Amino acid sequence: MDDALRLPHLVVIPVFAGVNALDVTGPAEVLALAGRLLAPDRPGYEVRVCAERSGPVDTFSGVPLYVTATLDGARVRPDTVLVPGRVDLGPHGPVPRVDPAVVAWLREVGPGAGRVASVCAGAHVAAAAGLLDGHRVTTHWATAERLAADHPAVEVDADPVFIRSGRLWTSAGLTTAMDLTLALVAEDHGDDLALEIARIMVMYLQRPGGQSQFSVPLAHRTGGRAELRSLRRWIGEHLDADLSVPVLADRLAMSERHFARVFRAETGTTPGSYVEELRLEAARRLLERTDHPLPGIARACGFGSVETLHRVFRDRLSTTPGDYRRRFRVGTAK
């Protein structure tokens with residue numbers, strides 16, 4: 001084999017003060033394990049963490065990273081650039097941190113890299129460098145609207161765990177750095193190696209449920225009236241019941257119109273849409289984890305009929321329940 005083919009795959013991670021440590025160390029652990037599992041004649045990964053200056057770099061958790069390489073010294077052509085992130089909590093909501101030195105380095109190095117991957121709010125850094133324009137990307141759900149507003153040329157999808165768009169990869173919240181890195185390893189060395197790493201690290205190679213960042217209750221606003229919080233819990237425990245607006249309004253002793261207005265104000269969605277999303281999530285779990293027939297799933301989740309179950313899957317997921325089960329079934333269903 002040519003010596004050049006034996007060179008390790010160079011992964012450069014540019015860091016900055018306050019960076020999320022897991023955005024850096026999580027992918028590094030996955031890549032290190034990949035290198036240990038690869039055959040001796042197959043090149044592994046060289047992870048190079050760089051900062052504006054060498055020395056300790058504070059992280060969000062307070063655990064410092066000691067960096068020996070600088071951005072100025074890393075103006076090479078990396079095989080992969082992995083951009084970590086950081087979100088600060090401002091008075092008007094979460095604010096992604098965009099480090100000017102890293103942005104400048106990315107503008108110079110990013111276009112020539114083999115691929116660029118961002119983790120969580122690292123998408124804001126990559127977007128500031130102009131690397132995401134014209135691409136469909138994801139980021140942490142809490143900063144997705146801001147990313148779209150700040151960078152109109154970027155198509156932002158807040159739901160997926162990670163998205164690939166050509167040579168650009170983006171991922172969602174903190175722990176999805178691991179999902180993303182497993183996908184990068186699978187692209188480089190195949191699914192079998194990625195699966196072995198997932199087993200050793202006790203991870204999912206692909207999270208149950210496919211691409212959703214969060215469950216329905218987490219996707220909508222919380223807080224507010226105690227009786228609304230209690231009702232939402234009750235809905236989740238009685239999906240096969242009559243959950244129409246008249247029934248729900250009666251449970252809170254409200255008029256239908258007032259209930260619908262209060263529910264939307266508190267959650268950001270309508271009662272009907274919320275119930276349908278919860279039922280869909282429950283159906284997805286049963287399809288992923290059981291061999292229950294579709295009529296039983298439809299009844300248990302409150303859809304009533306297989307036809308309604310099919311309609312909701314088609315409208316919301318652009319697939320059928322059967323195709324969903326074949327794609328996302330987890331392990332041995334029962």
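## Salt bridges

A salt bridge here means that a side-chain nitrogen of Lys or Arg lies within 4 Å of a carboxyl oxygen of Asp or Glu. The model above is predicted, so local features need pLDDT of at least 70 and side-chain atom pairs count only at pLDDT 80 or more, while totals for chains, interfaces and linings use all residues. Residues are numbered from 1 along each chain as its sequence is written, and side-chain values use heavy atoms, with hydrogens and water left out.

The whole structure holds 17 salt bridges. One of them pairs Glu-276 with Arg-311, at 3.8 Å from N to O. Glu-276 belongs to helix α11 (residues 271-289) and Arg-311 to helix α13 (residues 306-317), so this pair ties together parts 35 residues apart in sequence. Helices (H or I, at least four residues) and strands (E, at least two) are DSSP runs, numbered from the N terminus. Glu-276 is partly exposed at 21% relative accessibility, and Arg-311 is partly exposed at 34%. For these words, buried means under 20% relative accessible area, exposed over 50%, and partly exposed in between (1.4 Å probe, protein chains only).

## Bridges within a helix

Helix α11 also holds both Arg-285 and Glu-281, which sit 4 residues apart, about one turn of the helix. Their side chains form a salt bridge of 3.5 Å, N to O. Arg-285 is partly exposed, at 36%, whereas Glu-281 is buried, at 18%.

In helix α4 (residues 144-150), Arg-146 and Asp-150 are likewise 4 residues apart, about one helical turn. The closest N and O atoms of their salt bridge are 3.5 Å apart.

## Nonpolar cores

Now to the inside. A nonpolar core is a set of buried Ala, Val, Leu, Ile, Met, Phe, Trp, Tyr and Cys residues joined through side-chain atoms within 4.5 Å. The largest one has 60 residues, and those touching the most other members include Val-15, Trp-105 and Ile-197. Helix α5 (residues 176-189) gives the most to this core, with 8 residues. Another core, of 28 residues, lies apart from it, with Leu-243 and Val-312 among its members.

Which residues does Ile-197 contact, leaving aside neighbours within four places in sequence? They are Val-30, Leu-33, Ala-34, Leu-37, Leu-182 and Val-185, where contact means heavy atoms within 4.5 Å.

## A strand hairpin

Strands β7 (residues 87-90) and β8 (residues 93-96) run antiparallel and are joined by 4 bridges; two strands pair if DSSP finds at least two bridges between them. The hairpin from β7 to β8 passes through 2 residues. Val-87 has Pro-96 as its bridge partner in β8.
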